[in-house]
Amino acid sequence: MEPTPPASLVDHYLQLCEDRQLDQAGRLLAPGARLVFPGGRRFGSLDEMVAASTGTYRWVRKHRDRYLVGAGGDDITVTSLGRLYGQWPDGTAFDGIRYADVFLVRDGLIVEQHVFNDLAVAVAQREAASR
């Protein structure tokens, strides 16, 4: 059986996270995987990550526009670039918020996920516009 290509592994993981199939997504993480989100927030599990996002939005998904893949040592780096879309807590839709997720994949599992996005900028702009 051929190993899953790293970009396909990451894409599948992101889809499972979006669909809140966290148990299945967690099976794609190596034990002790590092999950680092904007502001340097670190999470020890996907459930912890989901709980921390409560109140920021009703739901969020990703237009996964492209993947960049590179190798170095034992790790393969996969970067997912795209745009966030979803609903703010009041039900208003949003779209087009940039994101970049950087993953380190080793032995067919995700060992690190680093999330970068402009969500905080969008929230600040939204709050400024409502004043």
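Figure 1. The protein chain exposes about 7700 Å², of which carbon and sulfur atoms supply 52%; accessible areas come from the Shrake-Rupley method with a 1.4 Å probe, and for residues only the protein chains shown count as cover. This is a predicted model, in which local features need pLDDT of at least 70, side-chain atom pairs count only at pLDDT 80 or more, and totals for chains, interfaces and linings use all residues. Residues are numbered from 1 along each chain as its sequence is written, and side-chain values use heavy atoms, with hydrogens and water left out. The protein chain has 4 helices and 6 strands, in the order α-α-β-β-α-β-β-β-β-α from the N terminus on. Helices (H or I, at least four residues) and strands (E, at least two) are DSSP runs, numbered from the N terminus. The radius of gyration is 15 Å, close to the 14 Å that the globule rule gives for 131 residues, so the protein chain is as compact as a globular protein of that length. That radius is taken over C-alpha atoms, and the globule rule is 2.2 Å times the number of residues to the power 0.38. Along its principal axes the C-alpha trace spans about 55 × 25 × 25 Å.

Figure 2. Of the 131 residues, 37% count as buried; buried means under 20% relative accessible area, exposed over 50%, and partly exposed in between (1.4 Å probe, protein chains only). Among contacts with a separation of 6 or more, residues 24 or more positions apart account for 50%, where contact means heavy atoms within 4.5 Å.

**Figure 3. The largest nonpolar core.** This core has 22 residues, and those with the most contacts inside it are Y13, L29, L35, L46, F103 and I110. A nonpolar core is a set of buried Ala, Val, Leu, Ile, Met, Phe, Trp, Tyr and Cys residues joined through side-chain atoms within 4.5 Å. At least two residues each come from helix 1 (6-18), helix 2 (22-26), strand 1 (29-37), helix 3 (46-52), strand 5 (93-106) and strand 6. Helix 1 gives the largest share, 6 residues. A second, separate core of 9 residues includes Y57, W88, I97 and L119.

**Figure 4. Surroundings of L29.** L29 is found in strand 1 and counts as buried at 14% relative accessibility. Not counting residues up to four places away in sequence, L29 touches Y13, L35, L46, L109 and I110.

**Figure 5. Surroundings of Q113.** Q113 lies in strand 6 (residues 109-117) and is buried, with a relative accessible area of 4%. Its side chain is joined to the side chain of Y13 by a polar contact of 2.7 Å. A polar contact is a pair of N or O atoms within 3.5 Å; within protein, one must be able to donate a hydrogen and the other to accept it, and residues adjacent in sequence count only if both atoms are side-chain atoms. Beyond its neighbours within four places in sequence, Q113 is in contact with Y13, L14, R34, L35, V36, F37, D101, V102 and F103.

**Figure 6. Surroundings of K62.** K62 sits in strand 3 (residues 59-72) and is buried at a relative accessible area of 18%. The side chains of K62 and D101 make a polar contact of 2.2 Å. Leaving aside neighbours within four places in sequence, K62 is in contact with L14, E18, R83, L84, Y85, Y99 and D101.
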